[in-house]
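Good morning, and thank you for coming. I shall go through one structure with you this morning, element by element. Please keep the view open as I speak.

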Amino acid sequence: MAALLEVEGLKAYYGASEALHGIGFTLAQGGITTILGANGAGKTTCLRALAGMVRRLGSIRFDGRAIERLATEDIARLGVAHVPEGRGTFTGLTVDENLRVAAHTRRDAAAVRDDLERVFAYFPRLKERVAQQAGTLSGGEQQMLAIGRALMLRPRLMLLDEPSFGLAPLVVQEIFRIMRRINEEAGVSVLLVEQNAALALDLASEAYVLETGTVVLHGRAADVKKDEGIRKSYLGY
Amino acid sequence: MEQLLQQIASGLASGAIYACVALALVMIFTATDHLNFAQGEMAMFSTYLCWQFMQSGLGFWTALAATVALSFLIGVLIERFILRPLAGASVLSSVVVFIGLLAIFHSLAGGIWSHTIKQFPSPFPSTTLGAGIIGGHQIGMVAVTLVMLGLLFSFFRFTSLGLAMRAAAQNPVSARLVGVRVDWMLALGWGLAAAIGAVAGAMVAPVVYLEPNMMTSVLLYGFAGALVGGISSPGGAVFGGFLVGVIENLVAYFGNLTEKLFGVYVIGNGEKLTVALIIVITILTLKPAGLFGRVITKRV
């Protein structure tokens, strides 16, 4: 399988302080990869660096193309859809508008409608609320909306930041099930950052473990799950 | 009674202009959290451009179309070259720049076209309707404003560019993540605000005459309108503009009435601006978010 994303020596900065100290990893086309780590290990920063939301140095190649100097909006237009921590809902817009804004540059109205239907097929609850102000949705529905909005970009890679945050376990399971379908049916590769390591390792095929801004472990998700250190620190048994 | 209707009609007419200015202010405010104090002077400068176009032989509507286009461009350029470098600077720096722009446009207009008052033609017939209750120009002002507001509403409501602009104003970070060029949306917002101001200026100039101070009080009324309606709500700002226009005329009307009845002068034409400012202060005290504005709470 060809690599979809190749990252080398990635450093990221908040002001003058360095939050990522030169990490490297590779994402295979079509896979689900998870980044694990404690609070402050640099997981979110890593996704933000990939999406061009923080100052970064190093090399990021997406589909063979260098993207480390591109602006956030251009990275999104290339097909890297970042679903941010906290969902980033446009609370004053309707559900329909939240989804459509991701297709605002496209002129093919019929194809946009097809994509909307595809999102509604994954998330029927969004269809029920299509004309509602997005700010009135529940947390789970807003997470679905954020993923749906990302899908409207027709992404090849989705960066998912803490999709389970603040949600009831049943809702989280539902969202993770749908993510697997999106990965398998739409062929969207996924890079997942998640506090709930057990869930993340179930979904992912590959895993990286970050500690204070550096990669300390990498392997197949099934193997990482068996690693004793991981089990104790992240899985809690 | 007839006089009362007359006052309301003329209140609606000037309210239309305040509504335009209020809308221009709100457009920039919702996108940047800044109030453009130079909005009035930019509109005044545009009105001079319109006058210049007419002097060179263009008809009113052609001149206005050219002015709107040119003002749009000026607005975009101001954002790109003057305000862009200030992104992330403190509020105070932006305020100083806005006041600087105000002074620049003011002296520029005075320097190029002199401070003497000029006549500005009205494109509408001077006949009156309803036995003198409302004049042709007043009807025209309201009509032009309503058409423009309708176009703007449709633009924001039904086009994908309008949607992208709303998204960029609401949540710039998320907008970037879905590929919206937020920087350009801001520039576009400035262009639109300048274009709205140009229309407002050309509509009010036949009434207040053309001179560098023509928009000073209009801006204050527009500001009052925006605050009454809610500085974060475009529809509210438009409503507020009309409301302020009607209120200021009613104040004068009832002032005259009390004077006639009781022979005491309480309030009249001279206090119109005072009333506008009292409205601003009252609203800010009682309902800071305005009639239709959203109360914004921030977690700390």
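Predicted model: local features only at pLDDT ≥ 70, side-chain atom pairs only at ≥ 80, totals over all residues.

Let me begin with helix 10 of chain B, which covers residues 234–262. Just after helix 10, B:Gly263 takes a positive phi of about 70°.

The predictor gives the complex an ipTM of 0.93 and a pTM of 0.88. For chain B the average pLDDT is 89, and 97% of its residues score at least 70.

Let us now take chain B as a whole. It holds 11 helices and 2 strands. Along the sequence, their pattern reads α-α-α-α-β-β-α-α-α-α-α-α-α. What radius of gyration would a compact globule of 300 residues have? The value would be near 19 Å, and chain B has 19 Å, so the two agree. Along its principal axes, the C-alpha trace of chain B spans about 65 × 55 × 35 Å. Of the 300 residues, 47% are buried. If we take the contacts in chain B between residues at least 6 apart in sequence, 73% of them join residues at least 24 apart.

Chain A can be described in the same terms. Its secondary structure comes to 10 helices and 10 strands. For 237 residues, a compact globule would have a radius of gyration near 18 Å; chain A has 17 Å, which agrees. The C-alpha trace of chain A spans about 45 × 40 × 35 Å along its principal axes. Buried residues account for 45% of chain A. Among contacts in chain A with a separation of 6 or more, 67% are between residues 24 or more positions apart.

Next, please look at the strands of chain A. Strand 1 (residues 3–14) and strand 2 (residues 17–28) run antiparallel and are joined by 9 bridges. One pairing to find is A:Tyr13, whose bridge partner in strand 2 is A:Glu18. These two strands form a hairpin with 2 residues between them, and A:Gly15 in the turn has a positive phi of about 60°. Strand 1 of chain A is also joined to strand 4 (residues 55–62), by 7 bridges, and this pair too runs antiparallel. Here A:Val7 stands opposite A:Ile60 in strand 4.

Now a single residue of chain A. A:Val95 lies in helix 3, which covers residues 95–100. Is A:Val95 buried or exposed? It is buried, because 30 other C-beta atoms lie within 10 Å. Beyond its neighbours within four places in sequence, A:Val95 has contacts that include A:Leu126, A:Val130 and A:Leu145.

Finally, we come to the place where the chains meet. The contact takes 15 residues from chain B and 19 residues from chain A. On the side of chain B that touches chain A, helix 6 (160–170) and helix 7 (172–177) each supply at least two residues. Helix 6 of chain B gives the most, with 6 residues. By class, this side of chain B has 7 nonpolar, 5 polar and 3 charged residues.

Thank you for your attention.

Methods
Residues numbered from 1 in each chain as written. Chains lettered and ligands numbered in written order. Helix = DSSP H or I, 4+ residues; strand = E, 2+ residues; numbered from the N terminus. Buried ≥ 20, exposed ≤ 12 C-beta atoms within 10 Å, placed from the backbone. Contact = placed C-beta atoms within 7 Å. Rg over C-alpha atoms; globule rule 2.2 N^0.38 Å. Expected span 1.5 Å × (residues − 1). Nonpolar A, V, L, I, M, F, W, Y, C, P; charged D, E, K, R; others polar. pLDDT = per-residue confidence, 0-100. Pairing = 2+ DSSP bridges.
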